[in-house]
Amino acid sequence: MPKHNVAVVGIGQTKFRSKRRDVNIPEMIYEAVKMALDDAQMEPKDVDAILIGNMDHFEGINFSEMWCGIDAAPGYLKPVVKIATGGTTGSSLGICGYYNVASGIYKNILVVGWEKLNEGGATTGIITAFDPVWERPSLAGALGPLALMANIYAARYGITSEQAAKVTVKNRSNAANNPFAHIQMPDITLEDVMNSQMISYPLRLHDCCPQSEGACAVIYANEEETKKITDNPAWFKGVSTAHYYTFGCDDLMFDLPTAAIASKKIYKKLGIKDPVKDLDVAEIYEPTSWSELSWTESLGFCGKGEGGKLLDEGITQMTGELPVNPSGGVLSTNPIGATALVRFAEAAIQVMGRGGKRQIPDVETAMGMGFGGSLWTELAILGKDPKPLR
Amino acid sequence: MGKKEKEFQIKWKTDLPYRYSIGKLAVKYFEELKNKKIMGSKCPKCDKRYMPPRAVCANCFIEMTVEDMIEFSPKGTLVGFTVVNYPFIDPNTGGMRPFPYGYGIFKLDGADTYMMHFVDETDHTKFKIGQRVEAVFKEKTEGDIYDIPYFRLIKEEEE
C-alpha cells in the first residue's frame with residue numbers, strides 16, 4: 001500500500017510537430033517544464049526531484065540528462081534520475097514518479113519525457129536497442145514486427161483492413177480537437193487510409209504512427225502539497241507493469257499478452273469488474289491502427305477477436321461508452337520518450353475536465369497505457385479521488 | 001511569410017566502431033553454423049528449447065551451458081509475414097538497408113520459441129501462414145550470422 005496518495009497537479013506539453021528546428025533539445029524541454037511549473041504555480045526551487053527520460057540513440061547522444069536535466073528541467077542542486085525503457089519510457093517515468101511520492105521519499109516530483117526524432121532515425125535507433133548479434137541483422141525497427149503482429153491478428157480473427165482504417169479515422173478526427181497533436185487531418189477518410197502507400201503489409205502509411213518532436217512534463221504531489229496547489233487534481237488510483245521475455249519472438253506475442261497481465265492485475269486491485277463500464281476514458285498506446293483493435297481486446301474492453309466489433313459499435317468513439325484516445329492517440333503524435341507520459345497526462349486532463357474540445361463529459365476514472373520494450377505494458381488509472389472503485 | 005529562411009547547418013560524419021563479446025554459447029552456435037547446423041539451448045529443468053541459444057532459462061532461472069545445446073531442423077513453419085517497404089539506415093552496416101524485403105516469423109521444428117528473419121519473397125500474396133519454410137545456407141559458410149542470408153518458402157509440391 002502507498003504511504004501517501006499522489007496527484008497530478010501540473011501538466012505541460014509542447015505542440016508536437018515533425019520538426020522543431022527552431023529549438024535545440026534543452027530549449028524544447030524547457031518549454032514543457034515551464035508550462036508545467038506555471039500550471040502548478042510552482043517555482044523551480046519548490047520542486048524536490050526530477051525524473052527525465054528519452055531514448056538517446058534516436059538522437060545519437062548519450063547521458064543527455066547531464067546537459068538537459070539541470071537548467072532546462074530545474075535539477076540544479078537536486079536529484080536528477082534518467083529513465084529509458086524504449087516506448088514505455090514515458091510510462092516508466094510516470095510510474096516511477098508515482099512510486100517516489102507514494103513512498104514518502106519526496107513530497108513532489110517533476111517528470112519530463114521528450115524526443116527529437118527528426119534529429120536521427122527512429123527505425124535505426126530502435127534497431128540499436130536490440131541484441132547486436134541475434135536481433136539487429138534482420139530487425140526492421142518497430143514497424144516490421146508490428147506488421148507481423150497485425151498479419152497474425154488479422155488472419156486469426158478475420159479482422160479487415162477497413163476495420164483497422166476506421167481506427168485511424170477515429171483517432172485523427174479526435175486529434176483535430178487537440179491543439180497539441182502533431183498530425184492534423186480533420187477530414188481524413190477511410191479511402192485516404194486504405195489507398196495510402198503500403199509500408200509493410202498489412203500496414204499502410206496511415207495505419208502507422210508518425211515520428212514527432214516535443215516534450216511533456218508532469219508534476220506530482222502528495223496530499224498535503226496538493227491541497228496547497230490545486231482544488232482540481234487528478235489522483236492516482238493505481239499503477240501496473242508487466243514485462244515479458246528477452247527476445248520479441250520468444251513467444252507468439254501478437255496480441256500483447258503483457259497488456260492482459262497488467263490490466264487484470266490493476267483491475268483486480270481497484271475492484272474494476274467491467275472496464276467498459278467502470279472506466280470513463282482510456283488513452284492507449286497504439287503504434288498502429290491494428291494495434292488499437294488488438295489491444296482493446298487484451299485490455300479486456302471486449303472478447304478475443306472483437307476489437308473490430310467494439311469499434312464498429314461506436315463504443316470507443318468520442319460519444320461511446322468508453323472513448324479511446326480522445327487526444328488522437330499515438331497514431332497522431334509520437335515523440336517516443338514522451339509518448340506514454342502524454343497518455344498519462346491526457347488521462348489526468350480528462351479527470352480534471354480540462355480537455356477543451358477533446359473533453360469527455362463527467363470523467364471520474366481514466367486509464368493511461370504505455371507500450372514498448374520487448375512488448376511491455378505499463379498502466380496507470382487516475383480519478384477524482386485516490387480510492388479503489390470497489 | 002517572407003522569403004524562405006536559410007537554414008544554418010553544421011555537418012559532420014561519425015564512425016563509431018564497437019566490439020561485442022558474444023559468449024560461449026554463441027561461439028558454439030557460429031562454429032556449428034559453419035557446418036550448416038542450427039543449434040539452440042535446452043533447459044535442463046523444464047526442457048524448453050530456445051532459439052537463439054542463451055545462458056539462462058527465464059522460466060526456471062537456471063543456467064544453460066554449451067553442453068545443453070541441441071540441434072534444430074533448418075525447416076520450420078511460417079506463423080506470420082510482411083514485406084518491409086520503407087527506407088532506413090542499418091546500424092550494422094552504416095548504409096541503407098536494401099528494400100523491399102520479405103520478413104517472416106516462424107518456428108523451427110523442435111524449437112519452443114520463434115525466430116524472425118529475411119524471406120526471399122517480396123510479393124505478399126505469395127506467402128501463406130502455416131506454410132513450410134527452410135533456412136538457405138551460403139555455399140561457403142564462414143561462421144557468421146549472414147551464413148543464413150534468408151529463409152525460403154517451400155512450395156507445397158516439394159513436401
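Q: A strand is a DSSP run of E with at least two residues, and strands are numbered from the N terminus. Where does that place A:Pro202?

A: This is a predicted model, so keep that in mind as we go. A:Pro202 is found in a loop of chain A, between β5 and β6.

Q: What makes the peptide bond between A:Tyr201 and A:Pro202 worth a look?

A: Most peptide bonds are trans. The one joining A:Tyr201 and A:Pro202 is cis, with omega at about 5 degrees. Chain B has a cis bond to show you too: B:Phe99 and B:Pro100 are joined by one, and its omega is about 0 degrees. B:Pro100 is in the loop between β6 (75-84) and β7 (101-108) of chain B.

Q: Why is A:Gln41 picked out for its phi?

A: Most residues other than glycine have a negative phi. A:Gln41 is not a glycine, yet its phi is positive, at about 50 degrees. You can find A:Gln41 in the loop between α1 (25-39) and β2 (50-53) of chain A.

Q: Why is the pair A:Asp250 and B:Arg54 called a salt bridge?

A: The rule asks for a side-chain nitrogen of Lys or Arg within 4 Å of a carboxyl oxygen of Asp or Glu. Here the partners are an Asp and an Arg, and their closest N and O atoms are 2.6 Å apart. That is within 4 Å, so the pair meets the rule. Across the interface of chain A and chain B, the rule finds one salt bridge.

Q: How do you know that chain A and chain B touch, and how many residues take part?

A: Contact means heavy atoms within 4.5 Å. By that test, chain A gives 33 residues and chain B gives 41 residues. The area buried between the two chains is about 3,300 Å², with 64% of it from carbon and sulfur atoms. There are also 17 residue pairs in polar contact between chain A and chain B. On the chain A side, the elements giving two or more residues are α4 (122-128), α5 (143-157) and β5 (198-200). The largest share, eight residues, comes from α5(A).

Q: What classes of residue make up the side of chain A that touches chain B?

A: That side has 20 nonpolar, nine polar and four charged residues.

Q: What makes a pocket, and what is the volume of the second largest pocket?

A: A pocket is an open set of points with protein on both sides, whereas a cavity does not let the probe out. The second largest pocket has a volume of about 340 Å³. It is lined by 16 residues, and A:Met1, A:Pro2, A:Tyr98, A:Lys237 and A:Gly238 are the closest to its centre. Two or more lining residues come from each of α3 (89-102), β8 (234-242) and α9 (257-270) of chain A. β8(A) gives the most, with four residues.

Q: Which residues does A:Cys209 touch, leaving out those up to four places away in sequence?

A: A:Cys209 touches A:Pro287, A:Val330, A:Leu331 and A:Asn334. A:Cys209 itself is in the loop between β6 (203-204) and β7 (213-222) of chain A.

Key:
Residues are numbered from 1 along each chain as its sequence is written. Chains are lettered from A and ligands numbered from 1 in the order in which they are written. This is a predicted model: local features need pLDDT of at least 70, side-chain atom pairs count only at pLDDT 80 or more; totals for chains, interfaces and linings use all residues. Side-chain values use heavy atoms; hydrogens and water are left out. Buried area is the accessible area (1.4 Å probe) that two parts lose on being put together, summed over both. A polar contact is a pair of N or O atoms within 3.5 Å; within protein, one must be able to donate a hydrogen and the other to accept it, and residues adjacent in sequence count only if both atoms are side-chain atoms. Ala, Val, Leu, Ile, Met, Phe, Trp, Tyr, Cys and Pro count as nonpolar, Asp, Glu, Lys and Arg as charged, and the others, Gly among them, as polar. On a 1 Å grid over the protein atoms alone, a cavity is a set of points where a 1.4 Å probe fits but cannot get out, and a pocket is an open set with protein on both sides within 12 Å along at least five of seven lines; lining residues have an atom within 4 Å of a point. Grid points are joined across faces, edges and corners, and a volume is the space filled by probe spheres set on the points.
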